[in-house]
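Take a look at the model below. Keep it open while reading, and follow the residues as they come up.

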Amino acid sequence: MNSLPINKIFLAGFAFALTHWKKIIEISILPVLISSPFLMVVPELLGLMEQVFNGGKLIEVVLPENMMAYLLLFFYGYITLSINMYRLVILGEQSVNGLIPVIKINKIVRFTGLTLFVGLVTVIPVMITGMPFLQLVVYFLIIPITLNFVGIAIDQPSKYKWNLSFTTHANLFFLQAILPALVAMLFAALANIIGLGSTLEWVVKVVVFYWTLVTLALCYQLINATNNSEKTP
């Protein structure tokens, strides 16, 4: 049985971040610098989205001429940070260098393809039916496939059949989808109560982002270790 202990992984994710915080900062500098042009226009984009969702009429939308380039740089920064975080958890600090970007084309293409696949598969049903809860249903069904993000980062072949027990499957989904959402909503409500507004909310989102990267890698490591031990006579 490949059971994932939620409590232990939850705590281990934060413990890993606390013990490797210097290396995490190091591998974050380059992706943040790469992503900075896009991050600077994020407040404007969020304002436009809020206006649309609230039923307002957009009089004029003026975006930077290089918006597509900004978006591509942001996505590349995300890929670089994610790959280095997964490698840090699985292979250790010696396996990553924050000053060197990810330049392996095959790795970038595989990571991009998997990202697009997960995004499209979870969004299209919602667009067709207009039922948001389907996004969670579909994500639950494909959650084992997301383990391949870690495999790609450490140069392992992709697997699309993991043979996880239902308990392991459900725990993986809870750790990667439900728990981060609950934590984010809890601190968003707390931020409004104590008057910190969006500041605390964004800090929590950043922390949760790093935590989900770490815990996905920990889940991958534990699942593979359990599978290997079961194969050993």
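What follows moves from confidence to the core, then to one helix, and ends with the aromatic rings.

This is a predicted model. The mean pLDDT for the protein is 85. A score of at least 70 is reached by 86% of the residues. Helix α6 (residues 148–153) has the highest mean, 96. Helix α2 has the lowest, 80. Where pLDDT is low, predicted coordinates should not be read in detail.

Start with the core. The largest nonpolar core has 46 residues. Which elements give two or more residues to this core? They are α1 (6–19), α2, α3, α4 (105–129), α5 (133–142), α6, α7 (166–194) and α8 (198–231). The top contributor is α8, with 10 residues. Within the core, Met85, Tyr86, Leu147 and Leu172 touch the most other members. In soluble globular proteins, nonpolar side chains tend to be buried together.

Leaving out residues up to four places away in sequence, Met85 touches Ile24, Ile27, Tyr210, Leu213 and Val214.

Now follow helix α3 (residues 67–91). It has 25 residues. From first C-alpha to last, α3 reaches 35 Å. That is close to the 36 Å expected at 1.5 Å a residue. Just after α3 comes glycine 92, with a positive phi of about 95°.

Is glycine 77 buried or exposed? Its relative accessibility is 1%, so it counts as buried. Setting aside residues up to four places away in sequence, glycine 77 touches Pro31, Ile34 and Ser35. Serine 28 is 49 residues from glycine 77 in sequence. In space, their C-alpha atoms are 8.9 Å apart.

Threonine 80 also lies in α3. At 1% relative accessibility, threonine 80 is buried too. Beyond its neighbours within four places in sequence, threonine 80 is in contact with Pro31, Pro101 and Val102.

Next, the rings. The structure holds 13 aromatic pairs. One of them joins phenylalanine 38 and phenylalanine 74. Their centres are 4.8 Å apart, with 35° between the planes, a tilted arrangement. The pair links distant parts of the chain. Phenylalanine 38 is in helix α2 (residues 21–53), phenylalanine 74 is in α3, and 36 residues separate them. Phenylalanine 38 has 12% relative accessibility and counts as buried. Phenylalanine 74, at 30%, counts as partly exposed.

A second pair joins phenylalanine 209 and tyrosine 210. This one is edge-to-face, with 5.6 Å between centres and 75° between planes. Phenylalanine 209 is partly exposed, with a relative accessible area of 27%. Tyrosine 210 is buried, at 17%. Both belong to a cluster linked by ring pairs, together with Phe75, Tyr78, Phe111 and Phe149. Tyr210 is also among the residues that Met85 touches.

Finally, two lysines meet tryptophan rings. The charged end of lysine 159 sits over the ring of tryptophan 162, 4.3 Å from the ring centre. Lysine 205 places its charged end over the ring of tryptophan 202, at 4.6 Å from the centre.

Note on methods: Residues are numbered from 1 along each chain as its sequence is written. Side-chain values use heavy atoms; hydrogens and water are left out. Rings of Phe, Tyr and Trp (its six-membered ring) pair if their centres lie within 6.5 Å; planes under 30 degrees apart count as stacked, over 60 as edge-to-face and the rest as tilted. Helices (H or I, at least four residues) and strands (E, at least two) are DSSP runs, numbered from the N terminus. Buried means under 20% relative accessible area, exposed over 50%, partly exposed in between (1.4 Å probe, protein chains only). A charge sits over a ring if NZ of Lys or CZ of Arg is within 6 Å of the ring centre and within 35 degrees of the ring normal. The expected span of a helix is 1.5 Å times one less than its number of residues. pLDDT is the predictor's confidence in each residue, from 0 to 100. A nonpolar core is a set of buried Ala, Val, Leu, Ile, Met, Phe, Trp, Tyr and Cys residues joined through side-chain atoms within 4.5 Å. Contact means heavy atoms within 4.5 Å.
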